[in-house]
Amino acid sequence: MLHRRILQFLLIYVLGLTSLLFIKYVLKLSDYVIPGPQGLSHTVSCVFVKYFFDVMNTLSVAVIGHIISVCLATIVGIIGRLNSWAGSFVKVAAYNIQAYPIVAVAPIIFILMGDGISSRLLIAAVICYFPLLLSFIGILSEPVRDIEHFYEVTGRMSWRLQVKIRVFENMNKLATVIVGSATLAMVGTIVAEFIAADSGIGYSIRIALYQSDLSKVLVALFLIGICTSLWLTCLERIGYLIQNHFRKG
Amino acid sequence: MLIEFKDISFQYRDTDTCVFKDITCQISGPGFHSLFGPSGVGKTTLAKMLARSVNGFSGEIMVQQIDNILYSYNLERIPGWACVGEHLTEITRASGEENRRDELIKSFGLRGCLDSRFSRLSMGQQNRVNLARYLLQEFDLLIMDESLANVDEITKEKIILKIKAMFPGKCFLYISHNLAEVAKFCKQILVLRDSAKTPQMISIDGQNHMKGKPLDKKFLERSMLEIVHAS
């Protein structure tokens, strides 16, 4: 799982890098526009460690934001599955609000909350929250009739049991959605840092952009790709272990 | 015990097709009764009306001395997080029906399935497990919608005779496509026909075969012929 994901990333990265170098040599562009291999290796030796910790910083914010989103989406999804007015309200609100691009609200969040960790966390959480919520509402609202029928007709059904049945029956879908939204959380955090934060890899990329230093951006992209791949593989592994635990009892 | 369908008419929303047209019939007394008819004629719909999970029909369904109606069908599953034995223990914990549970497990041939996950069982085993757990509940009328589908004939006979012996005071509505089976084991067969035919439902007496009671083959053949003609 891990080696395949990292291999895929490396393949794309090397292809992209080769294309850039090809363009550089064909169009005879200066090192200022696209750095050569020597410049790249020099940048790697200078910023690799700093950028690694920046990526870890961003990743930690993304992970916390993602966990907050999953918890929130679970709670709201449980309410949204109801056939009452509360459930209908949550569903309609979720479908309508998700249509609005959340990134566009990011500057307002920075204005109101400053450029510290809370803003980054909020943006990361909000960006992955709505796709998660829609999937959670969809999954938790869909009855598993073949299993639930017995509990309903014998009066044994409780909301906890209903949620447990629906989650268990859709474990694969939920795992896929959670892994997918983890990428979104990372993207959200980087975008937030890119807009106005004072730390993280997005902030470092913004500085590199002001310096027009493509080699620094390339190093940042490499580290983001590797660390995100590791995190996604970790999540997939956790999902797999949870599913196995339940299936084997 | 009495179940009476009085002038039942029904059609699904957004369709012009009439499923039932003025159906009137009666089921009385405990024991095995059958709802028989070709696929798509409305057997499950009528059973669900009786179980009060389908509404919006005209006419009246009256029941006397029947408080608990359970509807079971053959595609039901038990949750995947527990094995069959754990599930059966769980659903009998509060009611204290351990003896009945063990008897059903033995006579339904489920001993070998107790440590297995439901999804690992054959369809016949799954249906037997599902029926057993319904029999462990409080009920006056149990609707068995193809509940013994995919079970071999010998085991099926053993199970039906066992149910009859264990629950002599309960009412069962058995939905099946097996002509010989309903004619042999049920005391009354309600043959449901297409809504274009009048009357739409015909009641025929069955053999109501019991353990230790000899089989009247001539009567059985006559019942089967009547059912074939009616449907």
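Begin in chain B by selecting B:Cys18, which lies in strand E2 (residues 18–28). The model is a predicted one. Is B:Cys18 buried, exposed or partly exposed? Its relative accessible area is 24%; because buried means under 20% and exposed over 50%, B:Cys18 counts as partly exposed. Display the surroundings of B:Cys18: apart from its neighbours within four places in sequence, the residue is in contact with B:Phe10, B:Gln11 and B:Ser195. B:Cys18 and B:Ser58 are separated by 40 residues in sequence, and their C-alpha atoms are 12 Å apart in space.

Remain in strand E2 of chain B and move to B:Asp22. Here phi is near 50°, a positive value in a residue other than glycine.

Next, select helix H3 of chain B, residues 98–107. Which residues of this helix are buried? They are B:Arg101, B:Leu104, B:Ile105 and B:Ser107. To see what covers them, display the other helices of chain B, including helix H2 (84–92), helix H4 (123–135) and helix H5 (153–166). Just after H3(B), centre on B:Gly109, where phi is positive at about 65°.

The following stop in chain B is a peptide bond. Select B:Thr198 and B:Pro199: the bond from B:Thr198 to B:Pro199 is cis, with omega near -10°. B:Pro199 belongs to the loop between strand E8 (188–192) and strand E9 (201–205).

Residues 59–80 of chain A are 100% helix and 0% strand, with the end C-alpha atoms 30 Å apart. Residues 217–238 of chain A are likewise 100% helix and 0% strand, and their end C-alpha atoms lie 31 Å apart.

Select A:Lys28, in the loop between helix H1 (2–26) and helix H2 (37–80) of chain A. Its phi is near 55°, a positive value in a residue other than glycine. A:Lys28 is exposed, with a relative accessible area of 72%.

Continue to helix H4 (residues 106–113) and helix H5 (residues 117–141) of chain A, which pack with their axes 9 Å apart and at an angle of about 150°. Angles over 145 degrees count as roughly antiparallel, and H4(A) and H5(A) are therefore roughly antiparallel to each other. The crossing of H4(A) past H5(A) is right-handed. Show side chains at the contact: A:Ala106, A:Ile109, A:Phe110 and A:Met113 of H4(A) meet A:Ser118, A:Ser119, A:Leu122 and A:Ile123 of H5(A).

Finish at helix H8 of chain A, residues 171–195. At 1.5 Å a residue, its 25 residues should span 36 Å, which agrees with the 36 Å between its end C-alpha atoms. Buried residues of H8(A) include A:Met171, A:Leu174, A:Val179, A:Ala182, A:Met186 and A:Glu193.

Technical notes: Residues numbered from 1 in each chain as written. Chains lettered and ligands numbered in written order. Predicted model: local features only at pLDDT ≥ 70, side-chain atom pairs only at ≥ 80, totals over all residues. Heavy atoms only, no water. Helix = DSSP H or I, 4+ residues; strand = E, 2+ residues; numbered from the N terminus. Expected span 1.5 Å × (residues − 1). Buried < 20%, exposed > 50% of the residue type's maximum accessible area, 1.4 Å probe, protein only. Axes fitted to C-alpha atoms, helices over the stretch in contact; angles between N-to-C directions. Parallel < 35°, antiparallel > 145°, perpendicular 65-115°, else oblique. Left-handed = near helix turned anticlockwise from the far one by under 90°. Contact = heavy atoms within 4.5 Å.
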